[in-house]
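Student: I would like to go through this model by asking about its parts in turn. Where should we begin?

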Amino acid sequence: MSTHTDVENEAERLTSAPEEGEQGPVGIGLLGWLRWTWRQLTSMRVALILLFLLSLASIPGSLIPQNGKNAFKVATWKAQHPTVTPVYEKLQLFDVYSSAWFSAIYILLFVSLAGCIVPRTWQFVGVLRSNPPAAPRNLTRMPVHAAWHTGADAKAVNSAAYALLKKRGFRTHLADGSVAAEKGFLREAGNLLFHLSLFALLAGFAWASLASGTGGKLVIEGQGYSNTATQLDDFTGSAFYGVEDLDAFGFKLDNFTSKFATSGPQAGSARQFTAHVRYWSGSDQSKLTKGDIEVNHPLEIGGSKVFLIGHGYAPVVTVKNAAGEKVYSGPTAFLPQDGNLTSTGVIKVSDYGQKDGERTQLGFNGYFLPTAPESFEKTGPVSLFPAAADPLLVLTAYAGDLGTDSGLPQNVYQLDTRKLTQLKQDGDLARAKLKPGQAWTLPDGYGTLTFEGYQQWASFEVSHRPGNAVALVGAVAAILGLIGSLLIQRRRIWVRAVATPDGRTLVELAGLARSESAKIAEELAELAVELQDDAPAVEDEDASDEASETPARTAQDSKE
């Protein structure tokens, strides 16, 4: 007779998962320790621990500025925290994702998943190629079972049961006077898909970190951009992707559309940001294609994507010297400082020429207000609305040496005043508030500055990340695999019809599921009812004891 241990053994066989590693080393010496370590590393428990550690290890990379993302922020953070900076540097907290300890966790997780997936897949293939296991000796010991006597032939009953189970989508096998059937293989397939997808997800992230690069570029309306190292404002590469690997393309920003809510509680919030461009791919700049770049809707050119990440205004200014000669003319990008696009910037006139026999340069520092208030007394120099409803340019003037000829790099958005003198007008600092079309006569005979109007600019991020598609597919497949492994039930059903000495046939049905569920009992009951057409129960008095049992009994019924 079969025992409760037999039931447990059958339940264990419903999965193709390899057994967990043993609690101690197997064998003697170095080989035994290596075997034990490998079994522990490839166990599901260790894989989950490593995945959890990887999540924890990512936290410092989100909270602490990283060299690969923004070196300026890193330098600022170090200056503000001089005490802990040496400790953070030793722990590689400014380069978390390329640190030795993060890479170690990542590689161990790769090895663990590979060591778990390969044997599990091989074992699952073996299960698929083999027949369902034969029926246990005593089917009434199974958690869910049914039995009755019938006058039908035993062979015919087994054939009918085989056909019914086949019709229900079970993988069936008829041999030795019994039918063995099993179903729910997609559960294990979902389990394997989840692990394979997780492996693909990690591989995609690894590929992206090793062969990706990002660059930033600010483009004013009417201007263009070519994807080269000299035209990028900044660039961050990786081990296998540098400036020499940049995709050959470019685009021209024809115009920029920005719309904002004008009323209600969300007044001033963005409603539309669209950069209208014409782009080319390769070296032929004559073949232009129109395209639009919106927030979260990048333009894909070759192997790169161009994202719209910012927007602002560029006042157009014309400067003439005392002789009336135009020494500067064009738009200058000002950077937004708040949600209403109050913008700050500088205008550098490095080719002003001679003044009083000496070479002179001019610098202007100030604000651009898209919608200026009537007075600064209560609000200060701030914009009241992000759209250019009433633009105003506020400037202060400097003269001297800008430092542009020193050979040292300069920030185009800041004015180095160490060698500059702030001009004065009417006994006060030289300042001007200009509406579009207004001119400012500069003090001390420096000429005039005219505020011609404004143009819009857009900032773009050019991203090359070849592993993103792999990571996305892996994430979606992992979710589908997890759903399959949780919702699909692996189960087996056995049917045995044997002739008894009294000339009748004893029909026995039993079912077994990997996890406790009412579905196997319902399925067995439905099968028993359908099988009654080919093997009707005998209703004489001699069979009353057997027929009194319900078509599908549970383990709890058996205990009672």
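Tutor: Begin with a definition: two strands pair if DSSP finds at least two bridges between them. The model is a predicted one.

Student: Which residue of β3 is the bridge partner of Thr172?

Tutor: β2 and β3 pair in the antiparallel sense, over 5 bridges. In one of the bridges to β3, Thr172 has as its partner Ala181.

Student: Which strands stand at the edges of the open sheet?

Tutor: The sheet has 5 strands with antiparallel pairing, in the order β1-β24-β23-β3-β2. An edge strand has a single partner, so one side of it is left without a neighbour in the sheet. The strands in that position are β1 (144–150) and β2.

Student: What angle does the direction of α7 make with that of β23?

Tutor: Helix α7 (residues 154–167) packs on the sheet and touches β1, β2, β3, β23 (491–499) and β24 (505–513). Its direction and that of β23 make an angle of about 165°.

Student: How far apart are the end C-alpha atoms of helix α8?

Tutor: Helix α8 covers residues 185–210, which is 26 residues. At 1.5 Å a residue the helix should span 38 Å. The distance between its end C-alpha atoms agrees with this: 37 Å.

Student: Which strands cover buried residues of α8?

Tutor: The buried residues of α8 include Phe185, Leu192, His195 and Leu201. Their cover includes the helices α3 (44–63), α6 (100–129) and α10 (468–487). It also includes the strands β2 (171–175) and β3 (178–183).

Terms used
Residues numbered from 1 in each chain as written. Predicted model: local features only at pLDDT ≥ 70, side-chain atom pairs only at ≥ 80, totals over all residues. Heavy atoms only, no water. Helix = DSSP H or I, 4+ residues; strand = E, 2+ residues; numbered from the N terminus. Expected span 1.5 Å × (residues − 1). Buried < 20%, exposed > 50% of the residue type's maximum accessible area, 1.4 Å probe, protein only. Contact = heavy atoms within 4.5 Å. Axes fitted to C-alpha atoms, helices over the stretch in contact; angles between N-to-C directions.
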